[in-house]
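Here is a quick walk through this protein and its ligand, with the sequence and structure to hand. Have the viewer open and follow along.

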Amino acid sequence: MKMIYLDYAATTPLDSAVATVMHRVEAQFFANPSSIHSAGQQSKVQLEQARQIVATALNAKPDEIVFTSGGTESNNMAIIGTALANRHLGNHIITTKIEHPAVLEPCHYLEQNGFRVSYLDVDRNGMPDLNQLKTLLCPDTILVSVMAVNNETGVILPLDQVQSLLKDTSALLHSDAVQAFGKIQIPGSVDLLSLSAHKIYGPKGIGALYIRKGSRVNPILYGGSQEVHHRPGTENLPAICGFAEAVSRLQHFTVHADRIRGLRDMFEQRVTDLIPGVEINGAGTSRAGEYSNIYFPFMAGDSLLMNLDMHGVAVSSGSACSSGSRKPSHVLDSMGFSGEHVNNSLRFSLGRSTSEEDILKTVDIISMLYKRLKK
Ligand SMILES: Cc1ncc(COP(=O)(O)O)c(C=O)c1O
């Protein structure tokens, strides 16, 4: 049975061109980029070329890019590193209730260590309360962290408006852009931006943190002086070059964006027409075209997920880590949905290889499951 993969928000398959680059770099540039000899210096050239590619994609300078082990580490560095470097200016951080655990958990850690964290409410569509942000901002606020695209609903958060509110403050703006990069135009106004390669058809275990020049961010790991003292450890050059290749290939795939959005819209339309009471979570606002988070009144999300899996369709309930730990989605909960609504919702996420046939087949399977249960 051919798998229908509708879980691109959890991770994407490795682009074969990226794999080719990684194999070449592994074989040809195994020397340590910190070594003084020629082989080491050749590795260093590869490293800096990769940094340039990522920087260009963000309209940034190469020395503003720090390679990390992925989105989780980038978020940890952005939040804990900024808090520690700026604690002489204040101890208050603002974020939203719908961030990924890779933002929320570092915030909880900081709360246990003398910082004050405010979590913005969101409305029924998952949009943060900007009036609340205005009220909460104070001279003590050193960091505001608002994600660019929510990983469960695909809702695009209003970063430009958040930035405008911060204009007359000294607070830094961080955005977890792990789900946004390669999908939407990222506002250029942020001070810190987290990226991850495995959401853009690159390798797992590699990512980057953009740190605007002049922003004070402490390291969170201690050791060597790699990554301009921001992140010690011998660089994972094949993964870094694979990440850069995935970034440079993004432009070839922009043509897919309209097609994917069209398939997503068709999927939602058909499911809504077929099954009474279905609701699309976050549909009342702008969403990236790859995501569909759907409430199915007829079956618990976990059961539907298992049933779809038995028929070869891979989807998620909430974020990958939440579905692993079977925790109800804090995102949908914060959007004000009932426990039943939260439990009966599933995330479908589409990608480059999703075909019309995949979508039609998935609709057929959901419809069949619905009819079987109705009997
Ligand atoms: C919004 C968001 N932030 C952070 C992460 C963590 O990224 P990584 O898996 O590269 O650590 C994810 C991964 O699912 C995510 O969706």
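## An arginine over two rings

Let's start with Arg 352, whose charged end sits over the ring of Phe 253, 3.4 Å from the ring centre. Arg 352 also lies over the face of Tyr 201, this time at 3.7 Å from the centre of the ring. Keep Tyr 201 in view, as it comes up again below.

The mean pLDDT of the protein is 95, with 97% of the residues at 70 or more. The stretch to watch is residues 319-323, where the pLDDT is below 50. That stretch still has 11 contacts in the model beyond near neighbours in sequence. Where pLDDT is low, though, the predicted coordinates should not be read in detail.

## Rings that pair up

How many aromatic pairs are there? The count comes to 7. One of them is Tyr 8 with Tyr 201: the ring centres are 6.2 Å apart and the planes are at 50°, so this pair is tilted. It links distant parts of the chain, 193 residues apart. Tyr 8 is in the loop between strand E1 (4-5) and helix H1 (16-28), while Tyr 201 is in the loop between strand E7 (192-196) and strand E8 (207-211). Are these two tyrosines buried or exposed? Tyr 8 has 7% relative accessibility, so it counts as buried, and Tyr 201 counts as buried too, at 12%.

Now for Phe 296 and Phe 348. Their planes are at 65° with the ring centres 6.1 Å apart, and so the pair is edge-to-face.

## Around the ligand

Which residues come nearest to the ligand? Out of the 13 around it, they are Thr 72, Asp 176, Gln 179, Ser 196 and Lys 199.

Some of these put polar side-chain atoms up against the ligand. For Asp 176, such an atom lies 2.6 Å from a ligand nitrogen atom. Lys 199 has a polar side-chain atom 2.6 Å from an oxygen atom of the ligand. In the case of Gln 179, an N or O atom of the side chain is 2.7 Å from a ligand oxygen atom.

## A glutamine in a loop

Gln 226 is found in the loop between E8 and helix H7 (237-249). Why does Gln 226 count as buried? Its relative accessible area is 14%, and buried means under 20%.

A polar atom of the Gln 226 side chain lies 3.1 Å from the backbone nitrogen of Gly 233. Leaving aside neighbours within four places in sequence, Gln 226 is in contact with Ser 34, Arg 231, Pro 232, Gly 233, Thr 234 and Glu 235.

## A partly exposed tyrosine

Last stop: Tyr 109, in helix H4 (residues 101-111). Tyr 109 has a relative accessibility of 43%, so it counts as partly exposed.

Terms used: Residues are numbered from 1 along each chain as its sequence is written. This is a predicted model: local features need pLDDT of at least 70, side-chain atom pairs count only at pLDDT 80 or more; totals for chains, interfaces and linings use all residues. Side-chain values use heavy atoms; hydrogens and water are left out. pLDDT is the predictor's confidence in each residue, from 0 to 100. Contact means heavy atoms within 4.5 Å. Rings of Phe, Tyr and Trp (its six-membered ring) pair if their centres lie within 6.5 Å; planes under 30 degrees apart count as stacked, over 60 as edge-to-face and the rest as tilted. Helices (H or I, at least four residues) and strands (E, at least two) are DSSP runs, numbered from the N terminus. Buried means under 20% relative accessible area, exposed over 50%, partly exposed in between (1.4 Å probe, protein chains only). A charge sits over a ring if NZ of Lys or CZ of Arg is within 6 Å of the ring centre and within 35 degrees of the ring normal. A residue is near a molecule or strand if one of its heavy atoms lies within 4 Å of it. A polar contact is a pair of N or O atoms within 3.5 Å; within protein, one must be able to donate a hydrogen and the other to accept it, and residues adjacent in sequence count only if both atoms are side-chain atoms.
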